[in-house]
Number of protein chains: 2
Amino acid sequence: MTQENAKHCQAVPASLDYEQLLRGADLRVTRPRVAVLAAVHENPHADTDSIIGAVREDLTVSHQAVYDVLRAVTDAGLVRRIQPSRSVARYEPNTHDNHHHIVCRSCGAIADVDCALGTAACLTPVDDHGYAVDEAEVIYWGLCPSCGTPDPANPPVRKDFRVCF
Amino acid sequence: MTQENAKHCQAVPASLDYEQLLRGADLRVTRPRVAVLAAVHENPHADTDSIIGAVREDLTVSHQAVYDVLRAVTDAGLVRRIQPSRSVARYEPNTHDNHHHIVCRSCGAIADVDCALGTAACLTPVDDHGYAVDEAEVIYWGLCPSCGTPDPANPPVRKDFRVCF
DNA sequence: CGCATTTTCTTGAGTCATTCAAGAAACGAT
DNA sequence: ATCGTTTCTTGAATGACTCAAGAAAATGCG
């Protein structure tokens, strides 16, 4: 875990707590679900493939199960799904603190940032066109420190958003 | 074009203006490029498939050409690509007014909204973690007027983000 | 204008994240 | 423990998007 992200990471809950989390959301407790929740908490902004990898260190699961679980816990609000343009889906624990993300255009690295406005103000667009708004998602785009200060030995790569985060 | 989006739509330029736009961006002027630019200006928030359809009303082009053109004009800054979570890529003319979007969770409808903060403030996260930020993208999530006021004759559909915008 | 150079478009195949479907296994309420 | 429901496994399919090689078209120059 990077220094940058530490602020938004509460202590990783023990296995028992994931059970609580699932039961609290009216979801059945299964080993794949606990393992996926653990993987999401331990790997900030991980994509599905990384989560499958992490889960399989403890357990044999099909990729389909991971997709199903991620959908279930996301729908239940336990996990937040983020998907910057041109990226695959990524997941993080839902901390309910309305923090946002900075994404590097070059390498795809993601960092957490606090909401500049506080939870409430952020939800108030000037004109909501009659929409019932319940979330404001902010993505800051730019270059991360390593990509912004070009290093000939380590050139920024556009495509490979998945290796570096 | 809906009333809601009218504010962000300048008059649709004539064909000649698209030529100017392309030349100004150091891009060669070709019939597919002019047609794609026109389609993007005439169809707010259209996905690639819709753009292919619109272009093919005037011209025979391969889908690959449309993908290539969209990439070229997006990289050149003539067009903005937006891709809310779980949606395919969508395109709009780059108006450089830093407006944002409201997306309906149910049907995927997208509406434009002005930036609540003005161009400058919006680019200033509280802590940029050393990133050189050049854009702040805000997506408000909620329910559009038709999905928010349930109508038994027209139930909200989750999956079909592409039919309704 | 006509040719050469470079870029762009066509054609057709391929990739990869994600989803679908059917049956087996696991959960939890009685 | 058993039953009914939900979840997981297996294997195939979908679909947006990309790759690659050659044909066609656009720009620059004589």
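Start by selecting chain A and showing its surface: the accessible area comes to about 8400 Å², and 51% of that belongs to carbon and sulfur atoms. Areas here come from the Shrake-Rupley method with a 1.4 Å probe, and for residues only the protein chains shown count as cover.

Before moving on, a word on what you are looking at. This is a predicted model, in which local features need pLDDT of at least 70 and side-chain atom pairs count only at pLDDT 80 or more, while totals for chains, interfaces and linings use all residues. Residues are numbered from 1 along each chain as its sequence is written, chains are lettered from A and ligands numbered from 1 in the order in which they are written, and side-chain values use heavy atoms, with hydrogens and water left out.

**Colour by confidence**

Now colour chain A by pLDDT, the predictor's confidence in each residue, from 0 to 100. The mean for chain A is 83, and 74% of its residues reach 70 or more. Select residues 1-6 of chain A: pLDDT is below 50 there, and the stretch has seven contacts in the model beyond near neighbours in sequence. A contact means heavy atoms within 4.5 Å. Then select residues 151-165 of chain A, where pLDDT is also below 50 and 32 such contacts are present. Where pLDDT is low, the predicted coordinates should not be read in detail.

**Switch to cartoon**

Chain A has seven helices and six strands; these are DSSP runs, with helices being H or I of at least four residues and strands E of at least two, numbered from the N terminus. Follow the chain from its N terminus and the order is α-α-α-β-α-α-β-β-β-β-α-β-α. Of its 165 residues, 46% are buried, where buried means under 20% relative accessible area, exposed over 50% and partly exposed in between (1.4 Å probe, protein chains only).

**Stop at helix α5**

Select residues 63-75 of chain A. This is helix α5, with 13 residues, reaching 18 Å from first C-alpha to last, close to the 18 Å expected at 1.5 Å a residue; the expected span is 1.5 Å times one less than the number of residues. Show side chains and pick out the buried residues, among them V66(A), V69(A) and L70(A). After the helix comes G77(A), with a positive phi near 85°.

Step back to D58(A), in the loop between α4 (48-55) and α5 of chain A. D58(A) is exposed, with a relative accessible area of 64%.

**Bring in chain B**

Chain A can be laid on chain B with an RMSD of 0.1 Å by a turn of 180° and a shift of 0.0 Å along the axis. That is the relation of a two-fold axis. The copies are superposed by least squares on the C-alpha atoms of residues with pLDDT of at least 70 in both. To find the axis, select V138(A), whose C-alpha comes closest to it of the residues of chain A, at 2.2 Å. The copies meet through the same surface, because 100% of the interface residues of chain A are also interface residues in chain B.

Next, select H129(A), in the loop between α6 (118-121) and β6 (132-143) of chain A. H129(A) counts as buried, at 15% relative accessibility. Its side chain reaches the backbone oxygen of D112(B) at 2.5 Å.

Finish in chain B with helix α3, residues 31-42. Nine of its 12 residues are buried, including V34(B), L37(B) and V40(B).

How values were computed
A polar contact is a pair of N or O atoms within 3.5 Å; within protein, one must be able to donate a hydrogen and the other to accept it, and residues adjacent in sequence count only if both atoms are side-chain atoms.
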